[in-house]
Amino acid sequence: MAKHKTPLLDQLESGPWPSFVSDIKQEIEHRYANPKGIDFQVPAECPDDLLGLLELSYVEGETHWKHGGIVGVFGYGGGVIGRYCDQPEKYPGVAHFHTVRLNQPSGMYYKTDFLRQLCDLWELRGSGLTNMHGATGDIVLLGTTTPQLEEIFWEVTHNMNNDLGGSGSNLRTPACCLGESRCEYACYDSQELCYQLTNEYQDELHRPAFPYKFKFKFDGCSLGCVAAIARSDMSFIGTWRDEIRVDQKVVAAYVGGEIAPNAGAHAGRDWGKFDIQKEVVELCPSQCIRYEGGKLEINNKECVRCMHCICVMPRALKIGNDRGCSILVGAKAPILDGPQMGSLAVPFVKAEEPYDDIKEFVEATWDWWMEEGKNRERIGETLKRLGFAKLLEVTGVKADPRHVQEPRHNPYIFWKEEEVEGGWQREISDYRSRHQK
Amino acid sequence: MALVYEEAKAKIVEFINSKAKMKSKFYFNDFTALFPDEKGRDVKKILTGMINEEVLVFWSSGSTSMYGLAGAGKHAEGED
């Protein structure tokens, strides 16, 4: 039986949606019943006090959490976030309520025995509450005490073949879509690149030296299942350089109604007959598709790889064969300077092992940001402050029309003296010989 | 010029102590400013060594990380 009355939180259980309040109540009952006789290392009333504390915050309109601290595991500067309650006498179960972040497997594939191990560990040494997954993508284990941290770390690294994730001014836990493991749209092996960069940059993940957080995300294609373009400081988005492959016979089958468009996704209602002109051709953002005389033509030079046409007719249209990824930099959520999407920096890279070209770009970007970035400034903000051209300069990427987001928004090109023949010096008499005052 | 660990360590500790009345936690950039001719990665190696020797400790708010001398500053009860 829960010890705190929570009428405000109870309201959150009404309605058709799943409720975290119901989930926590379930764990409260489970811990008090303790059917397996577990020797809880964190107070059994931890989830109970968590709800009690939250109810108090709802009543008062104030938080009772203090966050931050020196807690962590030895040698690691991330992965553990200290949380303390400022009402420890009233809610002793959450006096310490630290968060532990674990690096999720690429594509979030789990074996059930791993999940059992994880749950057993967290029942014993934590609150029993998890967040699968946090906003960055990690496995988030909610609520433990300082003495448990090294024990948890030992178990995770020695018996579960896992490691802490990133927090603070670190490289955050990289995240990817499931890529080539299941998806026909994957233009590169997003899981492999995620795994390789995670291993390559362990020092950046665990020992903070950046001005602020830095996130990698890997989308196998522009449909963006992990929304890399919006959620990561550096996003790797699959694309292709050649042409969309078109099977005209299958296009005809879609038009003739033999195959359901959108893989049958809109089958719950009668949307009428498939209209290729309206549903594909007119929705192409760069208007590079034509359907005439029963033939679908794509002007691939104008295609912006949005993949809408492919999604509508996946059996007729396929991604190109010359595949790789684009690299974008600078996305962030609205903390200091408003939300930003990533800006295209590298239009195309093959994304093949050993990924040296990608690593060179990453390291040059970091070197610049570590040098120029202000404290608590995301790289997207540094980019805005110092200019995109500077990023191109320090990374050695050649300026390209594809870097221009909005033509004519700023028509000026600022040349440097060394780029202009003769520099800034000129003979005025020579000029005056051709131009009167 | 390559950093000599003991010299760099002494300089870092002296810097932190000189600011002790005002603050107990420092950004990474505060230390790179002490060694303007060195690369950030080399300064990081010194700081990592000092963490491993338990001279320094990491402090994190969850979103931002800082460094401080072990035992310095205020900590939550039971934290240290």
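A quick term before we start: two residues are in contact if their C-beta atoms, placed from the backbone, lie within 7 Å. This is a predicted model, so to speak of local features we need pLDDT of at least 70, and side-chain atom pairs count only at pLDDT 80 or more, while totals for chains, interfaces and linings use all residues. Residues are numbered from 1 along each chain as its sequence is written, with chains lettered from A and ligands numbered from 1 in the order in which they are written.

Start with chain B. Among its contacts between residues at least 6 apart in sequence, 49% join residues at least 24 apart. Color by secondary structure and you'll read α-α-α-β-β along the sequence (helices are DSSP runs of H or I, at least four residues; strands are runs of E, at least two; both are numbered from the N terminus). The C-alpha atoms fill a box of roughly 45 × 25 × 20 Å along the principal axes.

Now hop to chain A and select E7, E8, E9, E14 and E15: in the order E7-E8-E9-E14-E15, these five strands form an open sheet with mixed pairing (two strands pair if DSSP finds at least two bridges between them). At the edges sit E7 (175–176) and E15 (343–349) of chain A, each pairing on one side only.

Zoom in on E14 (residues 323–329) of chain A, which pairs with E15(A) in the antiparallel sense over four bridges. To see one end of a bridge, pick A:Val329: its partner in E15(A) is A:Ser343.
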